[in-house]
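Me: I would like to go through the labels attached to this model and see what each one rests on. Please set each value against its criterion.

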Amino acid sequence: MADQTIVILGGGVGGLVTASELRKRLGKEHRVVLIDKEGQHVFWPSLLWLQVGLRDPESFVRDLGVLQGKGIEVVKGEVEAIDPERKVVRVDGAELSADYLVVSLGAQLAVEQIPGLAEAGYNLYSLEGAAAIRDQRKDLIAGNLVVLVTRTPFKCPAAPYEAAMLLEYDLRKRKARDHVAVSLYTPEAGPMPITGPEVSAGVRRMVEDRNIGYFPQHQVTQVDSVTNTLQFANGATARFDLLVYVPPHVAPPVVREAGLVGESGWVSVDRHTMETRFPGVYAIGDVVGIPLSLGMPLPKAGVFAHREGEAVAQTIAARINGTGNAGSFDGQGECFIEAGDGKAGFGRGNFYAEPRPTITLHDPGRHWHAGKVLFEKDWFRRWF
Ligand SMILES: Cc1cc2nc3c(=O)[nH]c(=O)nc-3n(C[C@H](O)[C@H](O)[C@H](O)COP(=O)(O)OP(=O)(O)OC[C@H]3O[C@@H](n4cnc5c(N)ncnc54)[C@H](O)[C@@H]3O)c2cc1C
């Protein structure tokens with residue numbers, strides 16, 4: 001096939017994997033272009049360690065420009081418009097045409113949706129927020145530490161549970177635990193409900209064994225930053241001295257304006273090929289909404305963005321090269337669950353299994369924690 005241009009929007013997990021896999025599979029005559037507004041790649045799981053002072057941002061943020069050396073054209077710029085019919089995107093005012101387009105723009109964090117939230121607490125899901133938690137937690141020697149999930153869906157369903165357990169461990173290490181109550185409020189019916197009642201109960205046990213107050217079915221409506229009080233839709237209130245929150249997530253406006261978003265509020269795709277209704281336009285990762293048979297969507301997680309990116313790269317390469325099989329995403333995923341005390345649990349399974357996902361949870365152990373540390377190391381070795 002004549003020289004082709006593949007444009008990948010977003011240099012997070014999905015975009016990085018897709019661009020790298022395509023570069024490996026395609027001849028030099030074909031262009032692989034990766035566009036990201038920040039121009040850097042963040043290994044997001046490490047925010048959980050940053051918030052308790054176990055990492056510096058420099059250790060898990062990389063300049064995407066490094067990929068130029070591997071033959072990937074990296075553009076630092078904001079995707080302002082996507083025309084999926086013509087496969088044309090506008091980046092910082094300039095138009096770029098593609099033969100294949102891969103959208104991996106992630107979820108946008110919408111802190112402003114909850115009145116008072118930004119003023120009252122710290123965003124666990126941003127670099128600045130996690131660094132602020134690291135600094136602020138040192139002053140907390142008595143009172144209430146609250147981890148708050150504001151809305152569903154949110155990426156990495158385990159992350160707020162891990163955050164609460166790591167903060168609790170940190171309080172013990174600092175000998176402040178006796179005077180600080182730790183609580184977790186969430187609108188979910190239980191932890192990671194898509195994983196089924198047994199795994200959900202297992203994660204709940206991990207949290208409650210550490211004497212963390214767990215308050216499911218609590219949807220926050222507003223936050224009073226003067227009295228440090230949360231108000232919930234069910235009428236309950238809660239006081240906090242340190243508030244760590246997971247903000248609401250929305251699809252980035254540019255994909256909504258492109259007509260790519262379905263009823264779920266997220267981009268609709270074929271759940272195996274990841275192709276949108278526009279031929280040659282794929283979407284992967286947090287930006288997509290994949291309904292599962294239980295009426296809950298596939299969780300937003302890096303492990304899925306990664307595997308979806310591999311599948312899409314395989315498909316595009318097979319189409320361009322005219323040989324090889326198309327890729328297919330099969331719903332398999334796994335994740336480590338940091339539990340404090342140098343331990344982590346581990347969940348793994350098939351999220352596409354019928355009639356319900358089949359997930360198993362392994363009890364916390366030191367080897368799973370070591371596995372997560374190794375995964376972080378391998379990530380940078382593999383892709384940069
Ligand atoms: C604290 C935390 C812990 C986590 N832990 C885990 C874990 O243990 N396991 C796991 O599987 N997942 C985990 N995740 C989730 C995982 O990080 C995400 O699911 C994953 O990053 C999704 O990949 P993505 O490519 O869809 O989006 P992202 O990685 O978010 O990348 C999107 C990219 O698009 C860029 N972008 C957005 N809009 C524009 C625009 N208009 N123009 C140009 N560029 C734009 C952004 O700069 C960004 O680089 C965690 C997340 C957090 C926050």
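**Labels and their grounds**

Reply: In this predicted model, a nitrogen atom of the ligand lies 2.8 Å from a polar backbone atom of V79.

Me: Which residues and elements surround the ligand?

Reply: The shell holds 27 residues, and the closest are G14, D36, V79, D286 and V303. Two or more residues each come from α1 (13–25) and α8 (302–321). The largest share, 3 residues, is from α8.

Me: Why is the pair of E376 and R55 called a salt bridge?

Reply: A side-chain nitrogen of Lys or Arg has to be within 4 Å of a carboxyl oxygen of Asp or Glu. For E376 and R55 the N to O distance is 3.0 Å, so the pair qualifies. E376 is in helix α9 (residues 366–383) and R55 is in the loop between α2 (47–50) and β4 (61–63), 321 residues apart, so the pair links distant parts of the chain. The whole structure has 20 salt bridges.

Me: What makes E38, E78, D92 and E128 a negative surface patch?

Reply: Asp and Glu count as negative. Patch residues need over 30% relative accessible area and no salt bridge, with like charges joined within 9 Å. E38, E78, D92 and E128 form such a patch. Of these, D92 is in the loop between β7 (88–91) and β8 (94–97).

Me: How do you know that the bond joining T152 and P153 is cis?

Reply: Its omega is about -5°. P153 is in the loop between β12 (143–149) and α5 (159–173). The bond from E354 to P355 is also cis, with omega near 5°, and P355 is in the loop between β22 (343–350) and β23 (358–365).

Me: Why is the phi of M274 worth a remark?

Reply: Most residues other than glycine have a negative phi. M274 is not a glycine, yet its phi is positive, about 65°. M274 is in the loop between α7 (253–257) and β20 (281–283).

Terms used:
Residues numbered from 1 in each chain as written. Predicted model: local features only at pLDDT ≥ 70, side-chain atom pairs only at ≥ 80, totals over all residues. Heavy atoms only, no water. Patch = residues over 30% accessible without salt bridge, like charges linked within 9 Å, V, L, I, M, F, W, Y side chains within 5 Å. Areas by Shrake-Rupley, 256 points an atom, 1.4 Å probe, with all protein chains shown as cover. Charge placed at Lys NZ, Arg CZ, Asp CG, Glu CD. Helix = DSSP H or I, 4+ residues; strand = E, 2+ residues; numbered from the N terminus. Near = heavy atom within 4 Å. Polar contact = N/O pair within 3.5 Å; in protein donor to acceptor, adjacent residues only side chain to side chain.
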